[in-house]
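Me: Hi! I'm new to this one, could you walk me through it?
Reply: Happy to, here it is.

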Amino acid sequence: MFTVNTAQAHTNTGTLTNSGIIEYPQGNPIPNVTNNDVIVTPITICGTSSTPALQIGGMNDFTVSTTWYKELALTNIAGTYSPNTFTVTNLTAGSTYPLYLRLLTL
């Protein structure tokens, strides 16, 4: 997992190939990234669902679990995921939450 947690603009004059997980918590992606697995960016919950929830590449060897959680212990359900849409179950619109999920290998 690679986390890019800056507000400054990024430059990339070459090619970066993602074969893992890149997380952009501030929504500031690196340009020219080829995504083979998954890229996670912030989503805003304005209603009952948000699309796209993840950027999934074509060469991954996993599926994303259908239940997402509000904490790392994976006990407090936040909502459901299917296909690439996150649907709110237990979140307040306009608030900020980290969401946790399982990546299941095929």
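Me: Which residues lie nearest the centre of the largest pocket?
Reply: Glu 23, Val 40, Thr 41, Pro 98 and Leu 99 do, and they are among the 25 residues that line it. A pocket here is an open set of points on a 1 Å grid where a 1.4 Å probe fits, with protein on both sides within 12 Å along at least five of seven lines; lining residues have an atom within 4 Å of a point. This is a predicted model, with local features needing pLDDT of at least 70 and side-chain atom pairs pLDDT 80 or more, while totals for chains, interfaces and linings use all residues. Numbering starts from 1 along each chain, and side-chain values use heavy atoms, without hydrogens and water.

Me: Which elements give two or more residues to that lining?
Reply: β3 (21-23) and β5 (38-40). Strands are DSSP runs of E, at least two residues, numbered from the N terminus.

Me: New topic: how many residues make up the largest nonpolar core?
Reply: Twelve, including Val 38, Phe 62, Val 64, Trp 68 and Tyr 81. Such a core joins buried Ala, Val, Leu, Ile, Met, Phe, Trp, Tyr and Cys residues through side-chain atoms within 4.5 Å, where buried means under 20% relative accessible area with a 1.4 Å probe, protein chains only.

Me: And what is the bridge partner of Tyr 81 in β11?
Reply: Phe 86. β10 and β11 run antiparallel, joined by three bridges; strands pair if DSSP finds at least two bridges between them.

Me: What about the hairpin of β10 and β11, how many residues sit between the strands?
Reply: Four, and Asn 84 takes a positive phi near 60 degrees in that hairpin.

Notes:
Buried < 20%, exposed > 50% of the residue type's maximum accessible area, 1.4 Å probe, protein only.
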